[in-house]
Amino acid sequence: MTTATSLLESAVTRVADALADPGTMVRHPGERGDAVSLEGSAGAALFLAELAGRDPGRLPAAHAHLSVAARALNGTASAGLHYGPAAVLAAAQACARLGGHYPRLRHQLTEHVAAELMAKIASAPPPGAGVDWTAYDVISGAAGTGRLLLGAVVDGDPQERAAAEPALRAALTRLTALSRPVTVDGHRVPGWWVPGSLQATRADQELFPRGDFNLGLAHGIAGPLTLLVLCAEAGVTVDGQLAAVHRMGRWLADRTDRDADGPYWEPRLAFDDEIVRGAGGGTPPSDHAAAASGGAWCYGAVGIANALARAARLTGEADWHRLVLEGARALLRRPATGHHLKGPTLCHGRAGFLQGSWRLGRLTGDRELLERTAPLAEELAALADPETPFGFRHLSPVRSDRGWDRTQPLRAVDNGGLLEGASGVAAALLSMLPGDPVGSGASGDGPHWDRVLLLS
């Protein structure tokens, strides 16, 4: 065993040991540590189930966390993939790969989540009126829930498939419709336009009074693009789906900017900026533009690049493939300050950058990208703090009545969850360890936990 492997294994073990008792999550719930979210026991179960593919002795702890999450449901509604019954189903699917556990729970949750998604789609306004990103995104919308249902269609038993497929096809139809241009104030713009009235915070309403177009993987069009591609690869398609992939992919490719290091993407484009770009005008790069996008999974280049790389593989668009590799290498060339990462965790931090870079290397077969992930993993593992409850701490911005207050120093939070906690850090480090875990599939496409990030 190499020193680097030992460092990674030690960090993963530290987190897993801390999560062996589900009560630890109760004592240190973090900011969003509800048991039925991926920031609570459902997220811990997802990580521990992945680890159990290498160490079966971790499976009882995964079961214990899943049981806590399932008992806590009590009529809770899903708020996308990351909260409620959908989050518990994600954990149950992970545990099921190692022995077919929880068939009754999986059946019930699949039917429930599918019905919730169908109802949400049925009540959505028609394309053209503007869309709330929570209707389509990975965290709260159809892209994330659709990925969960795709798992039920591909990996589930006949009952799960029968429950999931109609809702999944409805989601694909809705996302395909959102890809078509609409007319707003006399301008033709992408159908995923989020108007000012539907911006998530007061600060965003002031920043984007005429609305915006989000590029990122967590809340932007990169998430729906990824789901459309993954479903097409699995043979689940609806009319117009491939054309939608072309429209979304071409838009992302055309919205690429460049600085001295190479290509990058702004995380969001204001309505007026999109009008200029759509008319063939360019936006001069600013000194801080690449840093504003950075390498974070949620809004940054690494998430967008993964989506565009998948679209390139499906469509055969060689220019998109070259652009992805050029952008990824440019991102790795930039100094660490250009990555704009906040702490060790997944969403805005180093773990998401690591997992996204590694997945991109696997997806494209690019040896340089894969080789560059090794030092990134070691740097992340070295941030482990044995004095903290879970081994790693999340750095969180201060929230005000206008949204996140970026002028205040970040706060350190003890959280065992996935996106903003130690489970996500350990899961990313686990991906870097050599060897294929049990349950990785005949295709060797594991790990599976990052499906909830739409990285696989």
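A nonpolar core is taken here as a set of buried Ala, Val, Leu, Ile, Met, Phe, Trp, Tyr and Cys residues joined through side-chain atoms within 4.5 Å. Buried denotes a relative accessible area under 20%, exposed one over 50%, and partly exposed a value in between (1.4 Å probe, protein chains only). The structure is a predicted model, in which local features need pLDDT of at least 70 and side-chain atom pairs count only at pLDDT 80 or more, whereas totals for chains, interfaces and linings use all residues. Residues are numbered from 1 along each chain as its sequence is written, and side-chain values use heavy atoms, with hydrogens and water left out.

The largest nonpolar core comprises 142 residues. Phe-47, Leu-252, Trp-297 and Leu-429 have the most contacts inside this core. With contact defined as heavy atoms within 4.5 Å, and not counting residues up to four places away in sequence, Trp-297 touches Val-138, Ile-139, Leu-217, Ala-218, Val-302, Gly-303, Leu-346, Cys-347, Gly-352, Leu-419, Leu-453 and Leu-455. In soluble globular proteins, nonpolar side chains tend to be buried together.

The chain contains 18 helices and 10 strands, assigned as DSSP runs (helices H or I, at least four residues; strands E, at least two) and numbered from the N terminus. Its radius of gyration is 21 Å, close to the 23 Å given by the globule rule for 456 residues, so the chain is as compact as a globular protein of that length. The radius is taken over C-alpha atoms, and the rule is 2.2 Å times the number of residues to the power 0.38. Along the principal axes, the C-alpha atoms fill a box of roughly 60 × 50 × 45 Å. Of the 456 residues, 58% are buried. Among contacts with a separation of 6 or more, 69% are between residues 24 or more positions apart. The accessible surface is about 17300 Å², and 54% of this belongs to carbon and sulfur atoms (Shrake-Rupley method, 1.4 Å probe; for residues, only the protein chains shown count as cover).

Two loop residues have positive phi without being glycine. Tyr-102, with a phi of about 60°, lies in the loop between helix H5 (85–96) and helix H6 (103–122). At 23% relative accessibility, Tyr-102 counts as partly exposed. Asp-185 has a phi of about 55° and lies in the loop between strand S1 (182–184) and strand S2 (187–189). Asp-185 counts as exposed, at 58% relative accessibility.

Tyr-102 is also one of the residues touched by His-63, together with Cys-95 and His-101, not counting residues up to four places away in sequence. His-63 is part of helix H4 (residues 59–71) and counts as buried, with a relative accessibility of 18%.

Gly-356 sits in helix H16 (residues 350–364) and is buried, at 1% relative accessible area. With residues up to four places away in sequence not counted, Gly-356 touches Val-302, Asn-306 and Leu-455; Val-302 and Leu-455 are also among the residues touched by Trp-297. The C-alpha atoms of Gly-356 and Ala-222 are separated by 13 Å, and these residues are 134 residues apart along the chain.

Ala-170 belongs to helix H8 (residues 158–178). Not counting residues up to four places away in sequence, Ala-170 touches Met-118 and Ile-121. Between Ala-170 and Ala-114, 56 residues apart along the chain, the C-alpha separation is 9.9 Å.
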